[in-house]
Amino acid sequence: MKIRVNVMLKEGVLDPQGKAIGHALEVLGFANVGEVRVGKTMELEIATEDREKALAQGEAMARELLANLVIEDFAVEVVG
């Protein structure tokens, strides 16, 4: 089973990469773009057919390694 872990900076945490992208888009003429936030997405193949077990394992991996819980939030979903 494939899961996807999406990691984003928490609200209120400065996102300099997002600011730079937002500024570049404005310079390119995309003036209607508001705040830009940058995150990361990981897709993992889990050797189980149990949806709940896969989600729980993905959450455990995110808490232990994939996300910095001090400054990042994460969401886990089953793909497909």
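Mentor: Let's start with N32, which sits in the loop between α1 and β2. Keep in mind that this is a predicted model.

Trainee: Is N32 buried or exposed?

Mentor: Go by the relative accessible area: over 50% counts as exposed, and under 20% as buried. N32 has 73%, so it is exposed.

Trainee: How many Å separate the C-alpha atoms of N32 and V78?

Mentor: They are 33 Å apart, and along the chain the two residues are separated by 46 residues.

Trainee: What about F30, where does that lie?

Mentor: F30 is in the loop between α1, residues 16-27, and β2, residues 39-45. Its relative accessible area is 44%, so F30 is partly exposed. F30 also belongs to a nonpolar patch on the surface, together with L28 and V33. Together the three have about 300 Å² of accessible area.

Trainee: Now the charged residues. How do I read a salt bridge?

Mentor: Here's the general idea: side chains of opposite charge can pair when their charged atoms come close. In this structure, a search of the whole model finds six salt bridges.

Trainee: Which residue does K2 form a salt bridge with?

Mentor: With E43, and the closest N and O atoms are 3.8 Å apart. K2 lies in strand β1, residues 2-9, and E43 in strand β2, so this pair ties together parts that are 41 residues apart in sequence.

Trainee: And which side chain does R4 meet in a salt bridge?

Mentor: The side chain of E43, at 2.6 Å from N to O. R4 is in strand β1 and E43 in strand β2, so here the parts tied together are 39 residues apart in sequence. As for accessibility, E43 is partly exposed at 44%, K2 is partly exposed at 35%, and R4 is partly exposed at 24%. K2, R4 and E43 are linked with E77 in a network of salt bridges.

Trainee: What does R37 pair with?

Mentor: R37 forms a salt bridge with E35, with 3.7 Å between the closest N and O atoms. R37 is partly exposed at 22%, whereas E35 is exposed at 62%.

Trainee: Last one: how much space lies in the largest pocket?

Mentor: About 200 Å³. It is lined by 15 residues, and the closest to its centre are G18, K19, G34, E35 and V36. By class, the lining has six nonpolar, four polar and five charged residues.

Conventions
Residues numbered from 1 in each chain as written. Predicted model: local features only at pLDDT ≥ 70, side-chain atom pairs only at ≥ 80, totals over all residues. Heavy atoms only, no water. 1 Å grid on protein atoms, 1.4 Å probe; cavity = no way out; pocket = protein on both sides within 12 Å on 5 of 7 lines; lining within 4 Å. Points joined across faces, edges and corners; volume = space filled by probe spheres on them. Nonpolar A, V, L, I, M, F, W, Y, C, P; charged D, E, K, R; others polar. Patch = residues over 30% accessible without salt bridge, like charges linked within 9 Å, V, L, I, M, F, W, Y side chains within 5 Å. Areas by Shrake-Rupley, 256 points an atom, 1.4 Å probe, with all protein chains shown as cover. Salt bridge = Lys/Arg side-chain N within 4 Å of Asp/Glu carboxyl O. Helix = DSSP H or I, 4+ residues; strand = E, 2+ residues; numbered from the N terminus. Buried < 20%, exposed > 50% of the residue type's maximum accessible area, 1.4 Å probe, protein only.
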